[in-house]
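Subject: Structure for your review

Dear colleague,

Please find below the structure that I am handing over to you. My findings follow it, and I would be grateful if you read them with the structure open.

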Amino acid sequence: MASNRGNNVGKAVALDQEERFLQAFREFNEALFRHATFRLSDREKAIDVVHDTFTKAWTYVRDGHSIDSYKPFLYKVLNNLIIDEYRKRRESSLDAIFEVEGVDESNFSELIGDDVDTLINTLDGKKAVEALTELPDVYREVIIMRYVDELKPREIADLIEESENVVSVRIHRGIAMLKAYTEAEEAKIINKKNE
Amino acid sequence: MSEFEKQLNKVAKGIKLSVAEKRELEARVVSFMEYHPRREAVAVKKAEAYLASQSYSIISFNNRYLQAALGALAVFIFIIVPAAAERAVPGDVLYPIKVRVNEEVRGGLTFSPTQKIEWETERLERRISEVRLLESKGELTEETEAEVVKAVQAHAEAAQDGINKLRVTDAEEASLAEVAFESALDVQSFVLESDKKEDGRDFGTESEDDLADVVRSARATAAATKGDVFPSHEKVVARLETETTRAYELFGSLDGAATEKEKDEIGRRLSDIGRKIKNGVAEYESGIKTDRLINALSDTRKLISFMTDIDVRNSVSLQTLVPIDYTDEEKLELVASNKAAADKIIERVNSLEEEVVDEAIMEKVEVGIEALQALNERLTEATEQEDLDTQVAISQEMKMVAIDIEKLLQPFETEVSAVDTETESASTTATTTEEVSTTTEEVDTTTEA
């Protein structure tokens, strides 16, 4: 009897892990795909990285680990895979990633001026979305996480393994860049018209 | 919500996996899960299997031992014992296994009637070989001898019976089987006869005689019941091809197993057989019916026995088994040399007239000289008729007489004539290594052609 009970418990554990994983898959595959598409601008590639995200997650579970919360785990894996993808592509944005490294993100002075909410309200929505692709990925990453995936700065900080402040600075700086970019683009158009 | 966020949501909502894409993605992921099941899950499955087997644990434990024991027993019974039994001789514990199990099983595995006849013949050869082995060790008892005599008789009858039955369904094949059977009996006859002649060996006992008698009577039965169907030329040639190929293979693997002299002799016989086949085929093509090819087949079988059976090789000379088949040139040479030996002795006797020789002996010598002259006349006749074989036979007789005369004269003569050496060298010219190798090569080329 005792062994039978143990057996059932074992079964329940096994079932639980598999069931939970499949639930997470159903719950997050669409959001992960959307996030990947925004970041990579390549539908097929996005499907592949989402697939790889889940297989990596399953391998982790299979090795006997337990995932308490799938959402941050999956985003973290996906994020790493996207960075790998950038490295493979060696696009200009990659250079941008490293350029940013030299920027002092512990300087919060820029946060003192307009806060993000004020700044974001001044953006030309449509143009700003289009301009997203022009942003260095470190900024695009946090902006997408914040406004598309609707993650809190705390969650983003955990995902990208930075402090919450750094996340806030990047979001603010990203939005400011979008504003500057869209304004510059607008200025170019006006100049062209004037010419 | 800012305009930016609204726009972003709008775009984000447009980014969706199609139903097909979603289904495919899920299938890929689930498939990955199935191919890489959780180790714990595997462990659970194993545990389940283990628990399921628990109620039978005692039996399965025993079974494993039982299986191992049964396996070992099977190996012992079916491999070790039969292999050990193969070396057994009458009187050994394993001998009944060799005869009643191994040989019966092997016999049961032969399907064609020809194979069955050959197998019975081989069993007959085995029995004779066993008796000879025991005899050479001095371990042969009367009981064993009697048993073996019975066994040899039984195998001979079984082979003969097989031939008789085969004759009903395939007379040609039966004729070929007869050739093989008779060749084997011939070889064994020679072996047993040679034992009887050998000095210092206790062969020639009653049982030994019985054994020789059994073989002889089997040989006689085979000759008496011989079918009158002559196997077709094609069948004989096909069988010859198989047998000569085997003989050449054996010849090629003789290194170390036979002396150079034996190899030369075997090579010579192979070339003889090759020539016989060539002549036999030529005769067939020109419409002449001879048994030359059948003889060649019989010679090949005997030669194979000589090469494969060390017993045979040790007790019978190849010349006894398969006498040299001289070529026409060799025959002419032989006749000439024999005749020269005879002439020489006549000349010597003539020159002896003046010397004092015992009268009684001189009478014998004169009888011998007369015989030589008579033979010489017959030889001339045979030469005129171009009958080479008769010439050889007469000249051989002349040589024998010449040697006898020489022996008679020996006590009275200090100068020994060279009859012996000359005739000897003449008769063995054909077996010199050089000639053998050339003729072997010739046969090789004809076989290949």
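Ser41(A) sits in the loop between α1 and α2 of chain A. Its phi is near 55 degrees, which is a positive value in a residue other than glycine. Please bear in mind that this is a predicted model. Is Ser41(A) buried or exposed? Ser41(A) counts as exposed, because it has 11 C-beta neighbours inside 10 Å, and a residue with 12 or fewer is placed in that class.

Glu386(B) is not a glycine, yet it has a positive phi of about 55 degrees. The loop that holds Glu386(B) runs between α16 (359-384) and α17 (388-409) of chain B. With 8 other C-beta atoms within 10 Å, Glu386(B) is exposed.

Let me turn to chain A as a whole. Chain A has 10 helices and zero strands, and its pattern along the sequence reads α-α-α-α-α-α-α-α-α-α. Of its 195 residues, 34% are buried. When one takes the contacts in chain A between residues at least 6 apart in sequence, 71% of them join residues at least 24 apart.

Which of its residues are buried? They are Ile156(A), Leu159(A) and Ile160(A). Seen down the axis of α9(A), these buried residues fall within an arc of 80 degrees, so they line one face of the helix. The general rule behind such a pattern is that an α-helix has 3.6 residues a turn, so residues three or four places apart point the same way. The cover over the buried residues of α9(A) includes α3 (70-89), α8 and α10 of chain A. Just after α9(A), Glu161(A) takes a positive phi of about 55 degrees.

Helix α9 (residues 153-160) and helix α10 (residues 164-194) of chain A pack at an angle of about 105 degrees, and their axes are 8 Å apart. That angle makes α9(A) roughly perpendicular to α10(A), because angles of 65 to 115 degrees are classed in this way. On the α9(A) side, Pro153(A), Arg154(A), Ile156(A) and Ala157(A) meet Glu164(A), Val167(A) and Ser168(A) of α10(A). The residues of this contact divide into four nonpolar, one polar and two charged.

The two chains also touch each other. In this contact, 33 residues of chain A meet 29 residues of chain B. On the chain A side, α1 (2-40), α2 (43-62), α6 (116-121), α7 (125-131) and α8 (137-148) each supply at least two residues. Which helix gives the most to that side? It is α1(A), with 14 residues. The residues on the chain A side comprise 15 nonpolar, 12 polar and six charged.

Finally, I would draw your attention to the largest nonpolar core, which has 52 residues. Val152(B), Ala177(B), Phe181(B), Leu211(B) and Val215(B) touch the most other members of this core. Among the elements that give two or more residues to the core are α6 (113-137), α7 (142-169) and α9 (206-224) of chain B. The largest share, 12 residues, comes from α8(B). In general, nonpolar side chains tend to be buried together in soluble globular proteins.

Yours sincerely,
A colleague

Terms used: Residues are numbered from 1 along each chain as its sequence is written. Chains are lettered from A and ligands numbered from 1 in the order in which they are written. This is a predicted model: local features need pLDDT of at least 70, side-chain atom pairs count only at pLDDT 80 or more; totals for chains, interfaces and linings use all residues. Two residues are in contact if their C-beta atoms, placed from the backbone, lie within 7 Å. Helices (H or I, at least four residues) and strands (E, at least two) are DSSP runs, numbered from the N terminus. Ala, Val, Leu, Ile, Met, Phe, Trp, Tyr, Cys and Pro count as nonpolar, Asp, Glu, Lys and Arg as charged, and the others, Gly among them, as polar. Axes are lines fitted to C-alpha atoms, for helices over the stretch in contact, and angles run from 0 to 180 degrees between N-to-C directions. Angles under 35 degrees count as roughly parallel, over 145 as roughly antiparallel, 65 to 115 as roughly perpendicular and the rest as oblique. A residue is buried if 20 or more other C-beta atoms lie within 10 Å of its own, exposed if 12 or fewer, and partly exposed in between; C-beta atoms are placed from the backbone. The arc is that of the directions from the helix axis to the C-beta atoms. A nonpolar core is a set of buried Ala, Val, Leu, Ile, Met, Phe, Trp, Tyr and Cys residues joined through C-beta atoms within 7 Å.
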